[in-house]
Amino acid sequence: MSDDSDSANPGRSGRAAERTTGAPAAPEPGGPWSRRLVDRLPGLAAAVAVASVAAVVGGWFPLVGGPVAGIVIGVVLAAVRRPAERLKPGITTASKFVLQLSVVLLGCQLSLTQVVRVGGSSLPVMLGSLVACLAAAYFVGRRLGIGRDLRTLIGVGTSICGASAIAAVTPVIGAASAEVAYAVSTIFLFNIAAVLVFPVLGHLLDMSQQAFGLFAGTAVNDTSSVVAAAATYGDEAGQYAVVVKLTRTLLIIPICLWLAALTKRRALAAGAGGPGDGGEGDGGPGAGPRLNVLKLVPWFLVGFLLTALVNTLGLIPDRAHPGLTTLCVFLITVALSAIGLTTDLRGLRRAGPRPLLLGACLWVVVSVTSLALQYLTSFL
């Protein structure tokens with residue numbers, strides 16, 4: 001009992017150690033917030049510095065973009081020299097909290113009015129493509145022997161919105177930095193392929209501007225690549241594709257809730273949780289643990305919906321949108337730069353080419369499904 005009580009009260013055990021040894025106790029991890037902030041500043045500064053360079057590179061090469069450049073630069077720096085211990089608290093904060101904050105700001109780009117208007121016609125194509133991609137990620141990924149978290153990240157990134165979806169899902173499933181790096185790199189590769197191939201394919205199929213906008217908005221991932229592919233086809237296609245892409249971003253919410261439920265259920269089944277852990281009740285003798293649905297909702301998804309609602313109500317001035325969009329992209333770049341700095345290249349090498357093969361399969365599945373559903377719904 002005494003051991004348990006001391007472990008439950010680290011301050012007490014620390015003071016006891018000081019009395020018995022005569023030496024000062026080690027600093028308590030849960031110290032004042034100002035100390036924790038100071039401890040995190042060097043690592044945050046390092047992530048911001050890498051992200052700043054990546055933002056410049058992304059400006060030079062828009063198809064690459066800041067987030068992809070950030071994770072690549074971070075991985076290269078980590079390969080040359082691993083970050084010092086004093087940088088790790090701040091880098092961890094950047095890779096987690098800043099990542100979640102960027103998801104909240106994504107909502108500033110959404111108008112729920114536009115979602116309702118566009119969603120009626122494009123929802124069957126978006127949902128069909130999503131289901132087909134996630135199913136293919138599960139079955140093809142297992143067939144290729146790819147780990148659960150990595151195939152989830154590639155599947156969600158391909159089916160929803162690339163790096164933004166990966167950013168939202170990563171803290172929910174607790175994916176490793178090497179898996180995030182590989183997933184982002186895979187998504188990026190096939191985004192570039194889509195920008196080059198899709199406009200040619202659209203002309204071969206004689207697609208209308210609206211049809212191609214729906215195709216690009218559902219089958220290309222990151223916003224920059226959607227704009228590049230659709231704008232090449234025409235201005236009307238570009239405008240429609242962006243609205244479809246932003247509408248598709250809303251699918252992050254049900255996917256994150258579903259993955260949170262699965263992750264929690266697996267933890268309970270493995271004995272990591274128990275009655276009263278996370279709000280589960282024992283339900284009486286013989287009853288299994290129950291999930292508290294409200295506690296499955298990550299705070300950043302609530303923030304995402306609130307910012308989307310605020311934007312829909314017109315409370316965010318139009319002149320503020322470019323700055324907020326730039327800030328959102330930069331925060332994602334900071335987070336991915338931090339993930340790159342903590343990536344173990346040996347983990348990437350162990351994964352081999354199989355994740356790239358999975359990404360190729362999913363890219364084909366999403367593209368074919370989008371075109372097929374447009375044809376079946378008389379949109380094409």
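Predicted model: local features only at pLDDT ≥ 70, side-chain atom pairs only at ≥ 80, totals over all residues.
Local features require pLDDT of at least 70 and side-chain atom pairs count only at pLDDT 80 or more, while totals for chains, interfaces and linings use all residues. Residues are numbered from 1 along each chain as its sequence is written, and side-chain values use heavy atoms, with hydrogens and water left out.

View 1. Asn191 counts as buried because its relative accessibility is 2% (buried: under 20% relative accessible area, 1.4 Å probe, protein chains only). Beyond its neighbours within four places in sequence, Asn191 is in contact (heavy atoms within 4.5 Å) with Val220, Asn221, Asp222 and Ser225. A polar atom of the Asn191 side chain lies 3.2 Å from the backbone nitrogen of Asn221.

**View 2. Cysteines Cys108 and Cys133.** Cys108 is buried, with a relative accessible area of 6%, and Cys133 is buried at 0%. The closest cysteine sulfur to that of Cys108 is in Cys328, 7.8 Å away, and is therefore too far for a bond. Zero disulfides (pairs of cysteine sulfur atoms within 2.5 Å) are found in a search of the whole structure.

**View 3. Helix H4, residues 65–80.** The 16 residues of H4 reach 23 Å from first C-alpha to last, close to the expected 22 Å (1.5 Å times one less than the number of residues). Buried residues of H4 include Gly65, Gly66, Pro67, Gly70, Gly74 and Ala78.

Technical notes. Buried < 20%, exposed > 50% of the residue type's maximum accessible area, 1.4 Å probe, protein only. Polar contact = N/O pair within 3.5 Å; in protein donor to acceptor, adjacent residues only side chain to side chain. Helix = DSSP H or I, 4+ residues; strand = E, 2+ residues; numbered from the N terminus.
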